[in-house]
Amino acid sequence: MIASMTNIVKRYRAHTALDHLDLAIREGETLGLLGPNGAGKTTAIRVLTGLTGVDAGEVRLFDSDTPVTASAVKRRIGLVPQDLALYETLSARDNLSYFGRLYGVTGAALKARVGEVLDVLGLSDVAGKSPKKYSGGMKRRLNIGCAIIHKPELLILDEPTVGIDPQSRNHILDFVEEMNRQGTTVLYTSHYMEEVERVCSRVLIMDTGRVIAEGSVEELTRTSLFEETVTLEVRDPAPALAEGIGKVQGVLRCEVEGRLLTVTSTAGSQNLARILENASPYTILGASAKRPTLEDAFLALTGKKLRDGSENE
Amino acid sequence: MTAFIATFWMGFKFLWRNPVNIAILVCFPIIIILILGNALAAYISPDTDLAPAPIAVASDPDGTLGMFLQTEDISRFLDITFTNREGAEQMAADETVIAAIFEDRGDISIVRPGVGGLHTQLVLSIIDSYKQIGSAATIAAMSGKDIYALLDMEVNVRDVPLGTRIPEAMDYYAVTMLVMILLYTGMNGMDLFSKGLLSDMGNRNRLSPISKPALIGGLLAASTVTSYLQGMATFIFTGAVYGVYWGERIPLVLLTLFAFVLFSQSLCVFLVMALRNQGVVSAIAQVFFWTSTFVSNGYMKIDFGAMDKVFQYAPNAMAHTIIFGAIFGGNEMKMTVFLIALFGISAVLFVLAFLCGRRRLA
Ligand SMILES: Nc1ncnc2c1ncn2[C@@H]1O[C@H](COP(=O)(O)OP(=O)(O)OP(=O)(O)O)[C@@H](O)[C@H]1O
Ligand SMILES: [Mg+2]
C-alpha cells in the first residue's frame with residue numbers, strides 16, 4: 001500500500017468535509033477519485049499530503065511511520081493542484097528549474113530533466129515564454145510539469161483537465177498513462193467519466209465526504225444495479241416482435257415507439273445475439289448498444305447527476 | 001542553501017519581470033522627480049524673479065540664526081528686518097511681513113499672518129533647514145543652557161562648514177522622495193510573500209522539501225534586494241541629474257536606506273500575513289504611505305503645531321532625520337536611536353508576520 005487513509009474525519013466548522021473516509025492507493029495503480037463538486041476530493045488530497053490536519057483518523061504513506069511533513073517523504077510525492085500554481089512572470093523553463101532546485105535537482109541533471117519534461121508536455125517551443133502568454137491548456141500542462149520535475153513515485157492530479165480543449169486533454173491523459181507505464185503510482189481526480197474510464201485501473205466514487213462505491217471500471221459498471229439498453233430501428237415492427245424479444249433471457253422490458261425498439265436488460269446478460277435473432281425476419285435499419293457508464297453508475301448510486309452535483313445540493 | 005539561492009533568484013526575477021512593478025518603482029519616481037523637480041527648480045533658483053520674501057526676525061543679527069539667514073545663498077530669497085520681539089509682532093500684525101521669526105535660546109517659533117503661499121513655504125523650509133543643519137552649531141553655541149548640553153559627549157560638532165553647502169530645495173525633495181519610494185517598495189514584499197506563502201503556490205512550496213527558513217529567507221532577500229536596487233536608482237539619478245548632495249557619510253545614508261527598506265518590507269509582509277488579502281493590504285498600505293510621508297515634512301514644511309512632537313517619530317520622519325543629519329550634521333544621539341528604532345520595529349513586525357503566518361498556515 002503506497003498510501004492509505006483510515007477513518008478520516010475532517011470538519012470545517014460545522015461542515016463535515018470528510019466523513020470517516022477510507023482510501024488506499026496500491027503501488028503501481030492509477031486510482032481514479034470521482035465525485036461531484038464539493039464531494040471532498042480536494043480535501044482528501046490535502047489530508048493525504050499533509051496540507052491540512054484531520055479531526056480523526058490516520059494517514060500513512062509508503063508503509064512507514066515517517067510523517068508526511070518529513071522532507072524524505074515530500075520528495076517522493078508530486079501534487080498537481082486543482083488551481084494553477086505558477087509564477088506567471090517567469091518563463092516555463094524558470095518555473096520548472098525553480099521547483100527542480102527545491103527538490104535538490106541541480107546542474108546538468110536539472111537542465112536535462114527540464115528539457116525532458118518540456119518535451120513530454122509539448123511545451124518545448126514555448127519554454128522561454130511566461131505562462132501569462134499561454135493558453136489554458138498550456139498552463140495546465142506546465143502546472144503538471146512543476147509537479148513531476150523531481151520524478152515522484154506517487155503523482156496526485158487534482159482535476160488536471162478542467163476547462164481545456166479535447167486535444168490538450170488527450171495530451172494530458174496520454175501523459176498520465178505513460179507515467180503509469182513507467183511505474184509511477186497515480187491518484188487521478190476528475191469529474192469526467194471518460195477520463196477515469198480511460199486511464200484508471202481502479203475507481204473510487206466519493207460523495208459528501210465518503211466513498212460510496214469502489215472497484216475496477218468494469219466491476220462498477222457490471223454490478224446488477226445497472227442495466228444495459230439496446231436500441232433497434234426496424235421497418236414496420238409487428239407487436240409480436242416486442243413480445244418475442246421480451247422472452248429473451250435477461251430482458252427486463254421492451255418498449256416500442258414507432259420504428260424504435262428499446263430493449264432493457266440486466267447488465268452482463270450477453271443476450272444481444274438472441275435479440276438480433278428475434279429481429280432477423282425484419283429489415284433492421286440500425287442497432288446500437290449502450291453499456292452503463294460511470295455516470296450511470298453514479299446516478300444509480302447517489303441519485304445525483306455527476307456533473308451538476310453541486311447544483312442539486 | 002541551493003533552495004535558498006533558488007528562491008532568491010526566483011523572487012528576484014519574479015519581481016523584475018513584472019512590468020507594472022518596474023513602471024511604478026523605477027520610471028514613476030524618475031518622472032515625478034523630473035516634473036516636480038523641474039517645477040521646484042523653476043520656482044527656487046538663483047535666476048528666478050521671485051521677489052525676496054519680507055520677514056521680521058526677532059533675534060541677534062550676529063547670532064547663529066542671524067548669520068545663517070544672512071548667508072548669501074539664503075539672503076537672496078529674503079528681505080530681512082532684524083528687530084525685537086514687540087517689533088516683529090507688530091510687523092506680523094500689520095502684515096507688512098509674511099512671517100515673523102522669534103528666537104529664544106534656540107527655540108524658534110514662527111508667526112505667519114494670512115495663509116501661506118510659496119513665500120511662506122520658502123521661509124518655513126529655510127527655517128527647517130536651519131533646524132537640521134544648524135543644530136550642531138547651535139548646540140555648540142549654547143552649551144550649558146540647553147538640554148542638549150547634557151549630551152555633550154555624544155554631540156559631535158561636525159565638520160560641515162556652515163555656508164559651504166546650504167541644502168537646496170532639491171536636496172530636501174530628493175530625500176523625501178527617496179524615503180517615500182522605499183516605503184512604497186513594501187509592495188514587493190507583499191507581492192512575493194502572498195504569492196509564495198499564501199495561495200496555491202504556498203501549498204506547492206510547502207509540499208516541497210524546502211525548509212521554512214530557506215523559503216522565507218529567500219523571499220525576503222529577493223524583495224529586499226529588489227527594493228534596495230529600486231531605491232538606488234533614485235539615489236544615483238538625483239545625484240547625477242540634479243547634483244543632489246548626499247553628503248560625506250554615504251555609508252550611514254545607505255545603511256539608513258537599508259533599515260528603511262527592511263521596515264517597509266516588514267510592514268507589508270506583516271499586513272499580508274495578518275489579513276491575507278492583497279487588495280485590502282495594498283489599500284491600507286497606500287493610506288499609511290501617504291500619511292507617513294505627509295506628516296513627516298519633506299521639502300514642504302507643514303506646521304502641525306503640537307502634533308509635530310508626535311510626528312517626528314513617523315517612520316519617514318525618522319529616516320529624514322537620520323539622512324539629513326548624516327548629510328548636513330545633526331544630533332548624533334537622536335540619529336543613532338532612530339536608526340536602531342527602524343531596525344527594531346522591522347524585527348518586531350517580522351516576528352509578528354511569522355506568528356500570523358504560522359497560526360494561519362498551521
Ligand atoms: N477551507 C475550507 N473552509 C471551509 N470549507 C471548506 C474548505 N475547503 C473545502 N470546504 C468544503 O468542504 C467540502 C469539500 O470540498 P472539496 O474542495 O474537497 O470538494 P471537491 O470534491 O474537491 O470539489 P470540486 O470538484 O469542486 O473541486 C465542500 O463542501 C467545501 O465547501
Ligand atoms: Mg476539488
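This is a predicted model: local features need pLDDT of at least 70, side-chain atom pairs count only at pLDDT 80 or more; totals for chains, interfaces and linings use all residues.
**Helix H4 of chain A**

- Helix H4(A) runs over residues 107-120, and its 14 residues should span 20 Å at 1.5 Å a residue, which agrees with the 20 Å that separate its end C-alpha atoms.
- The buried residues in H4(A) are Val114(A), Val117(A) and Leu118(A), and because they fall within an arc of 100° when seen down the helix axis, they line one face of the helix.
- An α-helix has 3.6 residues a turn, so residues three or four places apart point the same way.
- Among the elements that cover the buried residues of H4(A) are H3 and helix H5 (136-148) of chain A.
- Gly122(A), which follows H4(A), has a positive phi, near 70°.

**Contact between chains A and B**

- On the side of chain A, 23 residues are in contact with 17 residues of chain B.
- Helix H2 (71-74), strand S5 (77-80) and helix H3 (92-102) of chain A are the elements that each give two or more residues to the side of chain A touching chain B, and the largest share, five residues, comes from H3(A).
- By residue class, the side of chain A that touches chain B divides into 13 nonpolar, five polar and five charged residues.

Terms used:
Residues are numbered from 1 along each chain as its sequence is written. Chains are lettered from A and ligands numbered from 1 in the order in which they are written. Two residues are in contact if their C-beta atoms, placed from the backbone, lie within 7 Å. Helices (H or I, at least four residues) and strands (E, at least two) are DSSP runs, numbered from the N terminus. Ala, Val, Leu, Ile, Met, Phe, Trp, Tyr, Cys and Pro count as nonpolar, Asp, Glu, Lys and Arg as charged, and the others, Gly among them, as polar. The expected span of a helix is 1.5 Å times one less than its number of residues. A residue is buried if 20 or more other C-beta atoms lie within 10 Å of its own, exposed if 12 or fewer, and partly exposed in between; C-beta atoms are placed from the backbone. The arc is that of the directions from the helix axis to the C-beta atoms.
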